[in-house]
Every structure is written in structure tokens, then in C-alpha cells.
Amino acid sequence: MTNLSDPLGLRHGHTLPNRLVLAPMTNQQSNPDGTLSEDELAWLVARAEGGFGLLQTAAAYVHPAGQVWPGQLGVSSDEHLPGLERLAAAVSAAGARCSVQLHHGGVRAERALSGQEVVGPWDDAQTGARSMTTGEVQRAVEDFATAAARAEKAGMDGIEIHGGHGYLVGQFLDASSNLRTDGYGSDSAGRARFVKEVVRAVRESTGPDFHVGLRLSVERHGVVLADMVDLVRELLASGDIDILDLSLWDVAKLPADAPEGSRTLLEHFLDLPRHGTALGVAGQLSSAAAVQRTLDQGVDLAYIGKGAIADRSFALRAIADASYRAPSFPVTRKHLRAEKLAEPFVTYFATTWPQLVED
């Protein structure tokens, strides 16, 4: 039986100290130029000291035109290197591993933040985004690879490509909107081409001691579950990714519109041959027992989101006490500040999920 405290060796990169991962979470704490702030450093180091084996940064844009939020972390320029170096060193000193989540907003990017034209896989009348040329698609692949190499140069242990939640990588997987006819859309093979090329380029641009992760949404955002199962099967067989992170919203949920008694979303992926890739999941994991149940199903890593917001030491407490449960929401703004959330993060969290915060 796998326990929360068990180390996990990866195909590439360093062994993870345990099975608990700080999920990548938007926090709007970076400086306006995308460099790491003292507030963001404190938020992440507190979770490293709180026992998480691997920390994922918030989504970090690989090109300025891909920025979605104010206060978003960047990994698009060497100007971002000093902050990333400090973060890598501080997390390592606390005994944890650290990974940068590579991100591009695509049609959801904000021109008001970057001053640059918004582009994505298709023309989008709602956002004003322009469809990328084939050359721009290929340059976007290079942007992800260059950002990964920059993260490795900074001393990070790895990266995670953000392929979920309807941002650029996920937009290419959108069967309802990606109707491109240049080989990057229209059918399942075309829609999957971009993410495969990004993964391959990142792998080729980084060394054997650096791990490559990928986050995917497997429903919503226009994706087709059967296509995602096929894509995951191919990615696992490729050997190009070391960690697959499935963002499920709830690890026990059924696929949308599935009748009672159907397989859960997670169960569609558990039996796929992994070929040495670690499988991680996120979704309503707020107690030691919930994490253990997921590990008992055959999952390798548990990604903790709101539980880590409510308790920076979630990992230490869950490992020490099988009955541990994270503080229940709603929590107060004072509680969030005490858990090392700076004011921009507190405001963002309270605005996005007002039912989870009380004054």
C-alpha cells in the first residue's frame, strides 16, 4: 500500500519526498513585470516548510501576450530569472521540490495587461482574439520550450505545462471551437498535435535531471472524454512526460451527464499503461483520508488546493494524522493572512469564491 509519506522516484529529475503536491493556484501576488515578489516567495516557502513534497507555482506566462491576470508570474524573459532562482533555492533549503507551471492564455489573454495583440487557435469575436498563423503556432511551441529551459537554468526541479482549464493548450483540444485546417485542428489528431509538440519540445530542451509535467482537463472546455483518454494513452506511451496531473474538480465525480453507477472520470484513466509516468490528481482532496483513498485507487500524487490555502502545514499534518482534515470553509480574511496569503491573494480569493471567505 502506498502511504502519503512515501517518496516517489521519477523517470527524470529528483525523487519527490512524499505524495503531496501544492496545486498550481492563481494568486496575483507577482510584481507587475512578472517577477517574483516577496509575498509570493513567502506563500510558497511556507508550504515547503509545511511538508509538501512538490510545489507548483501559479501559472507563469511563457510569452507576454499570454498574460491573463494582473500580478501573474512570468517565465518569458531572463529578467524573471533572479526571482525564480531565489524561489528554487528557498524551496530546496526547506527540503521540497519546485516546479514552474508554464502557461499561455490564448484567446483568454488580456491585451490591457500586456499591450500586445491577443491570439489563439481561432478568431474569437467575444474577446477580439485573432487566429494564429501556422508559423505563430510553431513559435508558441518554441516559447514553451524556451521557458522550460529558463526554469531549468533557474534551478527548478521541473515544469508543468498547463493544458487544462481552457487556456491555449486546452483551446487546441477544444472540439467545439478548434476547426483549424492546417493540421492543428478539425479532428482529434489535429487538435492533439499542439500539446504533443509542446511536450516533445520541452523534453528536448531540458536535461535528464529535470522533470516534465502536464496538467489536463478531461471534460468541459470543449474537450471530448474519449479523445482525452486516447491522448493520455499516447502521451503515457511516449515517455515524454514524467508526471500527468489530471484536474478533475472532484476526484469522485462522474463524467457529465453519466448515469449513476457509471465509472468515475478518474476510473477512465486508472487502467491505462503508464510506462513509468506518475499519475497525479486534483479535486476536493481536503483530508488525509481522502488522499489515502485516492492513493489506494492507484494514483501516485495528490494535488492539494483549497486545503493548502486554509492550512500551510496540510502536508505535515496529513502525514502525521490519518484523521486530519483541513479547516472548513468559510474562513476569515484574518485566517488567510495568517496562512501567508498576501492582500492581493486574499482579495482575489474572496472575490472569486465569496462563499469561502467571511469578514
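Q: Are Phe314 and Tyr324 buried or exposed?
A: Buried means under 20% relative accessible area, exposed over 50%, and partly exposed in between, using a 1.4 Å probe and protein chains only. Here Phe314 is buried, and Tyr324 is buried too. Keep in mind that this is a predicted model, where local features need pLDDT of at least 70 and side-chain atom pairs count only at pLDDT 80 or more, while totals for chains, interfaces and linings use all residues. Residues are numbered from 1 along each chain as its sequence is written, and side-chain values use heavy atoms, with hydrogens and water left out.

Q: How many aromatic pairs are there?
A: A pair of aromatic rings is described by the distance of the centres and the angle of the planes. Rings of Phe, Tyr and Trp (its six-membered ring) pair if their centres lie within 6.5 Å; planes under 30 degrees apart are stacked, over 60 edge-to-face, and the rest tilted. That gives 10 aromatic pairs in this model. Take Phe314 and Tyr324: their ring centres are 5.5 Å apart and their planes stand at 80 degrees, so this pair is edge-to-face.

Q: What kind of pair do Phe349 and Trp353 make?
A: Their centres are 5.4 Å apart and the planes are at 50 degrees, so this pair is tilted. Phe349 is buried, with 1% relative accessible area, whereas Trp353 is partly exposed at 34%.

Q: Which residues touch the most other members of the largest nonpolar core?
A: In soluble globular proteins, nonpolar side chains tend to be buried together. A nonpolar core is a set of buried Ala, Val, Leu, Ile, Met, Phe, Trp, Tyr and Cys residues joined through side-chain atoms within 4.5 Å. The largest one here has 101 residues, and Phe144, Ile159, Ile161 and Phe194 touch the most other members.

Q: At what angle do H4 and helix H6 pack?
A: Two packed helices are described by the angle between their axes and the distance between the axes. Axes are lines fitted to C-alpha atoms over the stretch in contact, and angles run from 0 to 180 degrees between N-to-C directions. H4 and H6 (residues 188–205) pack at about 35 degrees, with axes 8 Å apart. In contact (heavy atoms within 4.5 Å) are residues including Phe144 and Ala148 from H4 and Phe194 and Val198 from H6.

Methods: Helices (H or I, at least four residues) and strands (E, at least two) are DSSP runs, numbered from the N terminus.
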